[in-house]
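Welcome! Here is a friendly briefing to read alongside the structure. Take a look at the model first, then follow the topics below.

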Amino acid sequence: MQNQVVTANRLLDGSVVYLAADGSWTNSIRIANIAQEDAAVQGMLKSAADAEASQEIVGAYAIDVSVDTSSVTPTKYKELIRAKGPTTHTNFGMQALEDPTTAYMNGV
Amino acid sequence: MPTLLKNGSVAHDPWTQLADDSAIPDQGMVLVSLDRWQKDRDALIESGLTLGLQLDAGEHPDSIADDIGLFDMIALVFPAFSDGRAYSYARLLRERHDFVGELRAVGDVLQDQFMYMHRCGFDAFEVKKEADVIAFADALTIVSSAYQPALDDRRIRGRDASNRMAA
Amino acid sequence: MYRYDEFDRAFVKDRVNQLRDQVSRRLSGGLTEDEFKPLRLQNGVYLQLHAYMLRVAIPYGTLSSRQMHKLAHIARTYDKDYGHFTTRQNIQYNWPTLQDIPTILDELAEVDMHAIQTSGNCIRNVTADQYAGATADEIEDPRVWAEIVRQWSTLHPEFAFLPRKFKIAVTAAPNDRAAIRFHDIGLAIVKNDAGDVGFEVHVGGGLGRTPMVARKIRDFLPRHQLLSYLEATLRVYNMLGRRDNKYKARIKILVHETGVEEFTRLVEAEWSAVKEGTIDLPADEMERIAAYFAPPAFDALSNDPQELFAARVADPAFAAWEKANTFTHRATGYAIVNISLKPTGGIPGDATSAQMDAIADLAEKYSLDEIRVTHEQNLTLPHVRQADLPTVFNVLVSIGFADANIGLISDIICCPGLDYCSLANARSIPVSQRITERFADMKRQHDVGDLKLKISGCINACGHHHVGHIGILGVDRRGEEYYQITLGGSADENASIGKIIGPAFSSDSIVDAVEKVVDIYIGIRQDNESFLDTYRRVGLAPFKEKLYADAA
């Protein structure tokens, strides 16, 4: 199984969030909890269901990521955009807080 | 069990739903489905019982247009609150077929739709959530005026000062 | 323009309180997301890729300077200092928080604005010709009827939960600038032989996955019976429209599957009962609303005043802009000014708060305090004195909105695409930016001439690619962004749906492909043919053949 993280939107501000190891929801995919087995993903999705029921997040689902020592990168381009922010406004979203030399998949 | 709200107050529900395959009882106020009505119309009329009809979404009131006067209550089902067909059915029953009995909203009935339902002619509601029962009176007038005449008597834009619909 | 009175204000205030209560119940668990979603949508609140999105209603695209200043203030205070003007004459903000939305709506209410029914399965903003009230070629101002329909449709209790969204547009001029034939109901104001004013009624147009041109179901509807006819049509749709499949739920599918004759019969039968009722407006109410749209008192001026001559000579950029971006006004000495929100390399339809404020000031000083939003993501100042055109131009230059490209290839309609939208398959805005950069040479653009290019990032077609002379549809091919080209669409009174030219192009090659299509046109055009003229004369084949001729 490909590495996965669980993502959702925060109810209050709609921002993109990821489930971290401590059960909190973070905007930064870098500290998202990585699941390497299906059982772990299911556990995370159950955690997400609880967070949805307590009005913290909305619409959680699992996504594939590739992981190396310095980054967690979603496989799907749409999820990369969710993680970083719009390519049209590089001063918006998480990308504005990170290394500005980080390139997008398609290089635009 | 959902709570019945009738004319704005919690009410005891005197109606019993007659299952499609149950025998017609000797007495009572029975609510039948359209299927049952179409199969056993004569027997039900002869029974002398007080009759009610439940229409599902997709069951157009025109199909029982000639029988409307036989029913003391008509229940219209909202299978999901987003299925808005019953709003049109309700208006047709009231405005086209002059139905004067109890018009009840059943199914996925939430406080955020009370105002629309009331304006379309519903006067009874089967409500699942306690909070919605409590909110009923406020929900009816949460927007207190309107731009188009309907079946209620709120203030309408463009109609005469007495709020009656223009002749 | 329509002015709110205490009735309208109380209504909007109540509505904001209703939404505030719903947000509060959502945050405290009294409403699930499934229960809340249709309610928030009916107040224009989407949850998109990065954040919530709020779509604010600008009824038939008309607003005052005061309202535009407020939109700028909201962008500055609650968002990231910009807004986007949409293909349905509204504005949307991409970064509000759910918590702030009731407060934003309070602020909008202060200037008689709201976000009612800008989304959801209900009747949406009624759109109209952006030149309404300013152009000589209309029978009467279609906005009178847009306002009447707006009021009738607002919180209409029977039509709050339709099978799907419902869009109505009104036009009153022979050249349809409101794309009525691609709306669920399109209304064309016409005169019958007796000289009475009424409506030609078109039903079942639309884009999306199954583009269709609307069918005319009535040649002439007496105008005072418009509401009863709409009521009958909506009732038929509400009861019979499909609810089993979201992609087959628009009225266009109902018309198509029922057949236009039977559909018309159903509407006319329902109408014969409804019109005896009380839904049609009393005559005095019709007149009250119409009075708001009486033409302003134009001054008696002459065409081509001295200031204009001088400016044309002194500033060729001004002359080019005047030629491309202004339109003939009904009153001598005046002009309609189109503000292009399509600068080279820019994001189509976006404006910063500073730009909005500058445009508001221009409107107040030079356009009798009125602004219009066009369905092509531009703005219009409807009533500008010709003598003031040079001044207006200079202000537009200073804010970066003076590109002389209205109706040209860089005047692109473009959806938000994968950068913003959770439905998208590919990005659309970067493609638009690159195309405008490729065609940055204005001489070249003018040589190419009228060319409506429209880009959608997915099959939902919010960028209207089906009705582009050149349309581009972004698709996902094995995880990569690819772009399909269509040719020959048109949204005006000669309505047509574009045809796919051939295999899709990669992100790297799409701009070259578009340029090639344009070069092919230039190579085969005759006399003063526009791109669309040439396409309609020669068809797809020559374009297809030459475009793919040296495909590696």
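Where chain A meets chain C, 23 residues of chain A and 28 residues of chain C are in contact. Please keep in mind that this is a predicted model.

**Chain A against chain C**

- About 2300 Å² is buried between chain A and chain C, and carbon and sulfur atoms give 62% of that area.
- How many salt bridges are counted between chain A and chain C? The count is zero.
- Polar contacts do occur here: eight residue pairs are counted between chain A and chain C, with both residues at pLDDT 80 or more.
- On the side of chain A that touches chain C, the elements giving two or more residues are β1 (4–10) and α2 (77–84) of chain A.
- Of the elements of chain A, α2(A) gives the most to that side, with four residues.

**Chain A on its own**

- Chain A is built from two helices and five strands.
- Read from the N terminus, the order of these elements is β-β-β-α-β-β-α.
- Chain A has 108 residues, and 44% of them are buried.
- The accessible surface of chain A is about 5200 Å², with 51% belonging to carbon and sulfur atoms.

**Chain B against chain C**

- Here, 39 residues of chain B and 46 residues of chain C take part in the contact.
- Together, chain B and chain C bury about 3600 Å², and 55% of this lies on carbon and sulfur atoms.
- Which three residues supply more than any others of the area that chain B buries against chain C? They are B:Tyr116, B:Tyr147 and B:Arg157, which supply 22% of it.
- Nine salt bridges are counted between chain B and chain C.
- One salt bridge pairs C:Arg243 with B:Asp83, and their closest N and O atoms are 3.6 Å apart.
- The polar contacts between chain B and chain C come to 20 residue pairs, both residues being at pLDDT 80 or more.
- Four elements of chain B, namely α2 (85–96), α3 (114–119), β9 (145–146) and β10 (155–156), each supply at least two residues of the side that touches chain C.
- The most comes from α2(B), which gives eight residues to that side.

**Domains within chain C**

- Chain C is divided into domain 1 (6–109), domain 2 (142–291), domain 3 (306–399) and domain 4 (413–551).
- The C-alpha centres of domain 3 of chain C and domain 4 of chain C are 27 Å apart.
- Their contact involves 11 residues from domain 3 of chain C and 12 residues from domain 4 of chain C.
- About 920 Å² is buried between domain 3 of chain C and domain 4 of chain C, and carbon and sulfur atoms give 55% of it.
- C:Thr344, C:Gly345 and C:Glu376 supply 41% of the area that domain 3 of chain C buries against domain 4 of chain C, which is more than any other three residues.
- Two salt bridges are found across the interface of domain 3 of chain C and domain 4 of chain C.
- C:Glu376 also forms a salt bridge with C:Lys454, and the closest N and O atoms of this pair are 3.5 Å apart.
- Four residue pairs are in polar contact across the interface of domain 3 of chain C and domain 4 of chain C, with both residues at pLDDT 80 or more.

Key. Residues are numbered from 1 along each chain as its sequence is written. Chains are lettered from A and ligands numbered from 1 in the order in which they are written. This is a predicted model: local features need pLDDT of at least 70, side-chain atom pairs count only at pLDDT 80 or more; totals for chains, interfaces and linings use all residues. Side-chain values use heavy atoms; hydrogens and water are left out. Buried means under 20% relative accessible area, exposed over 50%, partly exposed in between (1.4 Å probe, protein chains only). Accessible areas come from the Shrake-Rupley method with a 1.4 Å probe; for residues, only the protein chains shown count as cover. Domain bounds come from an automatic or database domain assignment. Contact means heavy atoms within 4.5 Å. Buried area is the accessible area (1.4 Å probe) that two parts lose on being put together, summed over both. A salt bridge is a side-chain nitrogen of Lys or Arg within 4 Å of a carboxyl oxygen of Asp or Glu. A polar contact is a pair of N or O atoms within 3.5 Å; within protein, one must be able to donate a hydrogen and the other to accept it, and residues adjacent in sequence count only if both atoms are side-chain atoms.
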